[in-house]
Amino acid sequence: MATPPRTEQVIDPVFVEPPDFAAGAPAVRSVLDSLHRKTGLVTGAAALLRMNQPGGFDCPGCAWPEETEHRKRLEFCENGARAFADEATRKRVTPEFFAAHSLADLTMRSGRWLNEQGRLTRPMVKKPGADHYTPITWFSAFELIARHLNGLDSPDQAAFYTSGRTSNEAAFLWQLFVRVYGTNNMPDCSNLCHESSGTALTQVIGSGKGTVRLSDFDAADAIFVLGQNPGSNHPRMLAALERAKQNGTKIVVVNPLDEPGTRRFRNPQRVDGWVGNGTELCDLHIPVRVNGDVALLKGLCKAMLEMEAQSPGKVLDRAFIKEFTTGFEDFAADIASTAWEAIETGSGVSRALITEAATIAAAADNTICCWAMGLTQHVNAVANIQEVINFLMLRGNLGRRGAGACPVRGHSNVQGDRTMGVWEKPDAIWLERLGTEFGFTAPTSHGYDTMDCLRAMDAGKVRVLVAMGGNFVAATPDSGYVEAAIRKCDLTVQISTKLNRSHVVSGNTAIILPVLGRTEVDRQPGGEQFVTVENSMGVVTASRGRLKPASEFLKSEVRVVAELAVATVGTRSAINWRRLADDYDLIRDHIAKVVPGFAKFNDRLYDDGQIELPHAVRDQREFATASGKAEFTVHELPALNVPVGQFVMTTIRSHDQFNTTVYSDNDRYRGISASREVVFMSAADMTDLNLQAGERVNLSSGDGEATRTLSGFAVVPYRIPRGCVACYYPEANPLVPFDAVATGSNTPAYKSVPVRISRAI
Ligand SMILES: Nc1nc2c(c(=O)[nH]1)N[C@H]1C(S)=C(S)[C@@H](COP(=O)(O)OP(=O)(O)OC[C@H]3O[C@@H](n4cnc5c(=O)[nH]c(N)nc54)[C@H](O)[C@@H]3O)O[C@H]1N2
Ligand SMILES: Nc1nc2c(c(=O)[nH]1)N[C@H]1C(S)=C(S)[C@@H](COP(=O)(O)OP(=O)(O)OC[C@H]3O[C@@H](n4cnc5c(=O)[nH]c(N)nc54)[C@H](O)[C@@H]3O)O[C@H]1N2
Ligand SMILES: [Mo]
């Protein structure tokens, strides 16, 4: 099957020894360079000063919380500045652009090229059989979409995707519209991201959210960072780690790659960060093999149980285990019967190194575990996270200052979108409250998540896709399968800021609705509006755009949802959609009545600028599980399902991309420039395969007719455990099998793909 185009030119990568520090002067240079090229230095710098500040806008990048106690004048990082500059670019995609570029032309362009064309400015339509997008009025676009939606046999033949940049106000209105229309088909990027965390945590602690506050980092004695690369993906987290480190906290990093971002941090916000050696962050790096985390975490628990046996009462928090947990006996018996040999083989880490890490945890009164995609995107991802909770619970590290579970979220409002009800599996209480508030009966049957939605498209069961942001086509696995499935749809609608692959690989009819970004002024009849977002730690803040909109034709996301609702369900619902879009305070008043934790939402926002959502585990050690207690769980060691002669491939982000938006072909922290079509491999494996550095190889996965191949990737020698390789996301997505998903959360196993590697001829 066809795979997406690669870069416009084949260029050999340049690779050098990675730096041993993150940020510092190169980060500052990079910020200035992005601003200069994209927004103009003066406009860009003035707006950036408002980012993550009271009265300003929330960074469109990641979900790491803003500092409140330690807030700085420049509360942003290199990559936040880049995300900002990418949205605030001066370049524009106009109707003339679409007249000049056929779809046949655009489908041959790389994602990077598409993004570089600038901001979308006008609603556009591609009619059936046409090879160009042409302009359409907003009114006609809404009418056309409504006609399609209302012409379906059942509302369940439509699906409504969301990406996690959407504000709370837009997300709340969106899920209301979708449910009034009559379906729960709300796939979202969370399904591809932290769904495994939500599923795992809800089962064992009764809440899907993390249990720490930012201030807990100042009181932790040990911080474990598992499967996360904060130097590139959550750079402001480095400041919290640096402060912790200076307080004497020990930091343990569990990652197949020794990421420079967690090694040493030169804080660019301080003079010594520009010229000094920076702060050594990592005390211990554990080079776990890809998907070796269940084994490793079992090993950590085993070492701690052994220490407890030697010094009874010194290691385990017996009081916590007795009062607040269930399942400890079974858990301990399973750990005791798991041999060290199996743990060493499964994790690729020696007993000695595991014991060293366990000793740090045993000496720490308070431990935090942070994690991201390195744990959530495996077949056994839910088990990974439940093992993290087992590990934390041994010493009572839940619901206590300085301790807890910290899934570090991706998109800046992905957590908020879920809080606002964007979920394909809503619970009955939610639907009841929503129905009561708005006087309708919400559909109760569960909808499609992202993977099931794609399958339904392939089977002709979903005929219309409406996407609020994101890049559904490029973010999902097995690009060949996905692109064929999307092309079967009658209509695809993308509500977007920038051009991407999902606009050019589309349904029979395709519509682009261009919207305001978060950085831009949002003026409505009720005055200038602000929106709210929830960060990774359950704090909801206001975000007010400051820049002049990229085009006079743009509408806000909230306005687009309202108009879509008026056109589609206007005559069937008593809701005054347009009034809600005139004044977002009115939406927040409804949120206050429907969403737990949001009482007096507007009042608190106007008084304090933010609200912190309650968290029963964090605040009261209350666990809303079936047993009413936190649950120890037992998980088998995952089988090493990589056939002999194959490798397990993980897919990673570079320092110079935001998800499917690739800013450049460089990855400064890994010493790579000029090309992303590389495969990181250990020198020993290269020797075995008789491969030279820079040599081109083909990678393939699957068998027989289902074989998927990517050819001509350059081999880069890298410190990665043997038997494991790494490639960049999204370039490697054509190789990710569609059927390998996490048990329980249905998240694609993007981070453990068995691949064959052969020399390209
Ligand atoms: N600048 C920037 N910021 C971002 C994003 C971005 O693309 N660019 N994306 C945002 C989003 S949506 C998300 S979800 C987050 C993603 O943030 P991260 O999760 O940090 O991103 P990844 O690069 O996918 O992978 C994380 C790390 O997991 C490691 N890893 C891979 N396989 C394994 C494994 O089997 N076990 C372990 N222990 N580690 C493994 C990789 O080496 C890598 O260091 O960042 C958010 N922030
Ligand atoms: N192989 C592999 N695949 C992965 C991953 C991986 O680690 N490996 N990670 C997965 C993860 S964690 C995630 S979250 C997904 C990401 O999946 P998505 O969230 O679907 O993808 P993005 O690349 O973040 O979406 C970028 C597009 O969003 C639009 N956009 C940006 N800002 C706005 C805005 O303010 N409003 C609107 N309406 N649109 C906007 C722009 O058009 C832009 O092109 O990818 C997943 N795919
Ligand atoms: Mo994500």
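User: How much space lies in the largest pocket, and how is a pocket defined?

Analyst: On a 1 Å grid over the protein atoms alone, a pocket is an open set of points with protein on both sides within 12 Å along at least five of seven lines. A volume is the space filled by probe spheres set on the points, which are joined across faces, edges and corners. In this predicted model, the largest pocket holds about 1,400 Å³. Local features need pLDDT of at least 70 and side-chain atom pairs pLDDT 80 or more, while totals for chains, interfaces and linings use all residues. Residues are numbered from 1 along each chain as its sequence is written, chains are lettered from A and ligands numbered from 1 in the order written, and side-chain values use heavy atoms, without hydrogens and water.

User: Which residues are the closest to the centre of the largest pocket, and which helix gives the most to the lining?

Analyst: Lining residues have an atom within 4 Å of a point. There are 45 here, and T202, S207, G208, K209 and W423 are the closest to the centre. Helices are DSSP runs of H or I with at least four residues, strands are runs of E with at least two, and both are numbered from the N terminus. Helix α9 (195-205) gives the most, with 5 residues.

User: How do the lining residues of this pocket divide?

Analyst: Ala, Val, Leu, Ile, Met, Phe, Trp, Tyr, Cys and Pro count as nonpolar, Asp, Glu, Lys and Arg as charged, and the others, Gly among them, as polar. The lining of the largest pocket has 17 nonpolar, 18 polar and 10 charged residues.

User: What is a cavity, and how many are there of 30 Å³ or more?

Analyst: A cavity is a set of points where a 1.4 Å probe fits but cannot get out. The count is 6 cavities of 30 Å³ or more.

User: Which domains supply the lining of the second largest cavity?

Analyst: Domain bounds come from an automatic or database domain assignment. Domain 3 (215-407) and domain 4 (641-759) each give at least three residues to this lining.

User: In what order do the strands of the open sheet run?

Analyst: Two strands pair if DSSP finds at least two bridges between them. The order of the 5 strands is β12-β9-β8-β14-β15, with parallel pairing. The edge strands, β12 (284-286) and β15 (404-407), each pair on one side only.
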